[in-house]
Amino acid sequence: MKQIISIFVMVLAFTLTSNAQDKMMKDAVVKTVSLEQTKGEFTQKEITLKEGAYIFEISNNSVGHDVGFVLVKKGKDASNPENHIKSAYVTKAVGNNKKEQSNLTKLEKGSYVYFCPLNPTPEYTLTVK
């Protein structure tokens with residue numbers, strides 16, 4: 001009998017947790033930021049966003065090889081991978097004339113830089129107000 005009650009409690013807890021997570025995801029407004037790369041540059045040179053959750057969609061417009069995306073809090077050493085915002089990485093390298101997305105990335109107020117070390121591009125500014 002104890003075993004049945006324990007199983008029932010675990011199933012109930014799992015169900016409640018799943019429902020709470022689903023509700024949180026539905027309540028969260030996730031926006032997509034689309035960025036395009038051409039040879040040696042992003043076409044968007046500066047971005048201003050509101051604080052919130054974002055997915056970055058990166059387009060490779062005839063660069064001729066794979067590209068990526070790196071986001072770093074401004075003022076930190078962008079060459080050090082420890083400073084990269086890992087959730088903003090695209091989930092796989094963006095092939096020529098393809099698009100890929102990052103994972104969900106929560107941005108707080110402040111300044112960031114973004115760039116592609118594979119293209120390579122200069123560092124551009126992303127401001128969150």
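This is a predicted model: local features need pLDDT of at least 70, side-chain atom pairs count only at pLDDT 80 or more; totals for chains, interfaces and linings use all residues.
Biologist: How many aromatic pairs does a search of the whole structure find?

Modeller: The search finds six aromatic pairs. One of them joins F42 and F69 in an edge-to-face arrangement, with 6.1 Å from centre to centre and 75° between the planes.

Biologist: Where in the chain do F42 and F69 sit?

Modeller: F42 belongs to strand β2, residues 41-42, whereas F69 is in the loop between β4 (52-60) and β5 (70-73). The two are 27 residues apart, and their pair links distant parts of the chain.

Biologist: Is F42 buried or exposed? And what about F69, buried or exposed?

Modeller: F42 has a relative accessible area of 0%, so it is buried. F69 is buried as well, because its relative accessible area is 3% and the cut-off for buried is under 20%.

Biologist: Which residues do ring pairs link into a cluster?

Modeller: The cluster consists of F42, F56, F69, Y114 and Y124, linked by ring pairs.

Biologist: Turning to Y112, which residue lies over its face?

Modeller: That residue is K73, at 4.7 Å from the ring centre of Y112.

Biologist: Now the strands. In what sense do β5 and β8 pair, and over how many bridges?

Modeller: β5 and β8 pair in the antiparallel sense, over four bridges. Within this pairing, V72 has V113 of β8 as its bridge partner.

Biologist: What is the bridge partner of V113 in β9?

Modeller: In β9, V113 is bridged to T125. The strands β8 and β9 pair in the antiparallel sense over five bridges. V113 is therefore a bridge partner of both V72 and T125, given that strands count as paired if DSSP finds at least two bridges between them.

Biologist: Where is P120 placed?

Modeller: P120 lies in the loop between β8 (110-115) and β9 (124-128). This residue is exposed, because its relative accessible area is 56% and exposed means over 50%.

Biologist: How far apart are P120 and Q37 in space?

Modeller: Their C-alpha atoms are 10.0 Å apart, while in sequence P120 and Q37 are separated by 83 residues.

Biologist: What is S59 in contact with, leaving aside its neighbours within four places in sequence?

Modeller: Apart from those neighbours, S59 is in contact with L35, E36, Q37, V94, K98 and K99.

Technical notes:
Residues are numbered from 1 along each chain as its sequence is written. Side-chain values use heavy atoms; hydrogens and water are left out. Buried means under 20% relative accessible area, exposed over 50%, partly exposed in between (1.4 Å probe, protein chains only). Rings of Phe, Tyr and Trp (its six-membered ring) pair if their centres lie within 6.5 Å; planes under 30 degrees apart count as stacked, over 60 as edge-to-face and the rest as tilted. A charge sits over a ring if NZ of Lys or CZ of Arg is within 6 Å of the ring centre and within 35 degrees of the ring normal. Contact means heavy atoms within 4.5 Å.
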